[in-house]
Amino acid sequence: MFKKKKHTDYISESLSAQTWKRFKRNKLAMFGLFLIIIASSISILGFLITPDSSPYANDQKPELHIKKPGFKAQMLLAKKNELSRKSNWIHKMIFGEVSDFSYIPAYSYSFKGFDIVIEEFTGNEPNNGNKVAYNMADVVYDVNNNYPIINDSSSNKIEFYQLSTGEKLKISTSDLQKIITENHIEDRRYLLGTHLPGRDLLSRLMIGTRISLSVGFISVIISIVIGILLGAMAGYFRGWLDDVIMWLINVVWSIPTLLLVIAITLVLGKGILQVFIAVGLTMWVDVARLIRGQILSIREKEFVEAGRALGFKNMRIILGHILPNVMGPVIVIAASNFASAILTEAGLSFLGIGAQPPTPSWGEMINAHRGYVLVDAAYLAFVPGLAIMILVLAFMLVGNGLRDALDSKSLDSKPLMGH
């Protein structure tokens, strides 16, 4: 027979388990966490799941300039006359992959002799595009590796040599037509349409998630490291060191955040790495003030005095005994700073001093299409703006949920019990 668990068994569960149970009760916080998980998954998988897997999602098609969401285009896939750039899935996930084919928008196509003739897509009604002929063997094969090409009209076949194997091959035009129809004609749908240079808006938006989350993550790490270091030193040692650090905090605090970030980026230069550093160097003040206040309130506690009496070094007391007791509020402020970092990066990119093209950034996308807000393509600016709003809201909801879950006053009058 199993013994029935006593009431006291549930009281002894860890603080983190109790915090998680309280956090789960907050539906809005759980919704925010769900949004963050979705955004993080998109960011990690990256080019493995984007419709356009080219580096930076930068496959430009000027013929497809600003097409509505749901637009579908017919593409002719022509083999590039260069070495294949296929890579493993990890490299593709992080950096994207250069395709072995050129994607040529085609309004219609037909076969004529040894050629495939396409009418170039113009987007007009009627289309009235130029007719362009491509040798079918050149569409299917790399002519640098399959040369020379001989069109044999008598047998209706194309003859060529494979330089890599030295073999002489013949293939009929009917076989080539079948290969092209099955493997080299593709319908590509743009779920969110295309923007100015004819790039896939959905792919750019998805990769922009990676930029925003990366800026938030790295900036928060930098701010936490600097803030904890300076705040702990000021709160624990006090005296002249506290005065110097508080003077520095007040100076940085008095400068508007965006203005300070702009000044730092102008010194470090434009680029996404510089944005990481600049945002991190402006967000440590909140963490330092919080850590200093928390340590001042507990530095005279009995367990700290006991550590000193036992001869523990100051570093051991701070890292091993004080900081673990003040990390709850730090986690809450980190979630808030994450949201602030996303907004700051978007603002910098909007001003043109953040992530530089062709790197996809939500702020840059808004800036590039702000002129379309008053016309029939306002969604080009609204969609990335909505993405920024949703992600910032998610982190704010999670931050509020963590604040309530870590607040000792939010404990129920009855102890948490399992089932």
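Reply: The side chains of Lys-61 and Asp-59 form a salt bridge, with N and O 2.6 Å apart. The model is a predicted one, and it holds 6 salt bridges. Is Lys-61 buried or exposed? Its relative accessibility is 6%, and because buried means under 20%, Lys-61 counts as buried.

Asp-59 has a further partner. Arg-188 also forms a salt bridge with Asp-59, and here the closest N and O atoms are 3.5 Å apart. Where do the two residues of this pair sit? Arg-188 is in strand β8, which covers residues 185-190, while Asp-59 is in the loop between α3 (27-45) and β1 (71-79). The pair therefore ties together parts that lie 129 residues apart in sequence. Arg-188 is buried, at a relative accessible area of 14%.

Another salt bridge joins the side chains of Asp-376 and Lys-68, at 3.8 Å from N to O. Asp-376 is in the loop between α14 (362-368) and α15 (379-406), and Lys-68 is in the loop between α3 and β1. Asp-376 counts as exposed, at 60% relative accessibility. Lys-68 is partly exposed, with a relative accessible area of 43%. Through shared partners, salt bridges join Asp-59, Lys-61 and Arg-188 into one network.

The loop between α3 and β1 also holds Ile-66. This residue is not a glycine, yet Ile-66 has a positive phi of about 50°. Most residues other than glycine have a negative phi, and most peptide bonds are trans. Asn-128 is another residue that is not a glycine and has a positive phi of about 50°. Asn-128 is placed in the loop between β3 and β4. Is Asn-128 buried or exposed? With a relative accessible area of 63%, Asn-128 is exposed.

The loop between β3 (115-120) and β4 (131-135) contains Pro-126 as well. The peptide bond that runs from Glu-125 to Pro-126 is cis, and its omega is near -5°. A cis peptide bond also runs from Pro-357 to Pro-358, with omega near 10°. Pro-358 belongs to the loop between α13 (327-351) and α14.

Helix α10 covers residues 272-298. How does the distance between its ends compare with the expected span? At 1.5 Å a residue, the 27 residues of α10 should span 39 Å, and the end C-alpha atoms are 39 Å apart, which agrees. There is also a kink in α10 of about 30°, centred on Met-283.

Helix α10 is one of the elements that give two or more residues to the lining of the largest pocket. That pocket has a volume of about 620 Å³. Its lining is made up of 27 residues, and those closest to the centre are Ser-43, Ile-207, Arg-210, Ile-211 and Ser-214. Besides α10, the elements that give two or more residues are α3, α4 (89-95), α7 (201-237) and α15. Which element gives the most to this lining? It is α7, with 7 residues. By class, the lining of the largest pocket has 21 nonpolar residues, 5 polar ones and 1 charged one.

Helix α7 also contains Ile-222. At 22% relative accessibility, Ile-222 counts as partly exposed. From C-alpha to C-alpha, Ile-222 and Ala-278 are 9.7 Å apart in space, while 56 residues separate them in sequence. Phe-237 is in helix α7 too. Phe-237 is partly exposed, with a relative accessible area of 42%. Phe-237 and Asn-314 are 77 residues apart in sequence and 9.2 Å apart in space, again from C-alpha to C-alpha.

To return to the salt bridges: Asp-59 is the partner of Lys-61 and of Arg-188. Lys-61 is buried, and Arg-188 is buried too.

Technical notes. Residues numbered from 1 in each chain as written. Predicted model: local features only at pLDDT ≥ 70, side-chain atom pairs only at ≥ 80, totals over all residues. Heavy atoms only, no water. Salt bridge = Lys/Arg side-chain N within 4 Å of Asp/Glu carboxyl O. Buried < 20%, exposed > 50% of the residue type's maximum accessible area, 1.4 Å probe, protein only. Helix = DSSP H or I, 4+ residues; strand = E, 2+ residues; numbered from the N terminus. Expected span 1.5 Å × (residues − 1). Bend = angle between axes of the 7 residues up to and from the residue. 1 Å grid on protein atoms, 1.4 Å probe; cavity = no way out; pocket = protein on both sides within 12 Å on 5 of 7 lines; lining within 4 Å. Points joined across faces, edges and corners; volume = space filled by probe spheres on them. Nonpolar A, V, L, I, M, F, W, Y, C, P; charged D, E, K, R; others polar.
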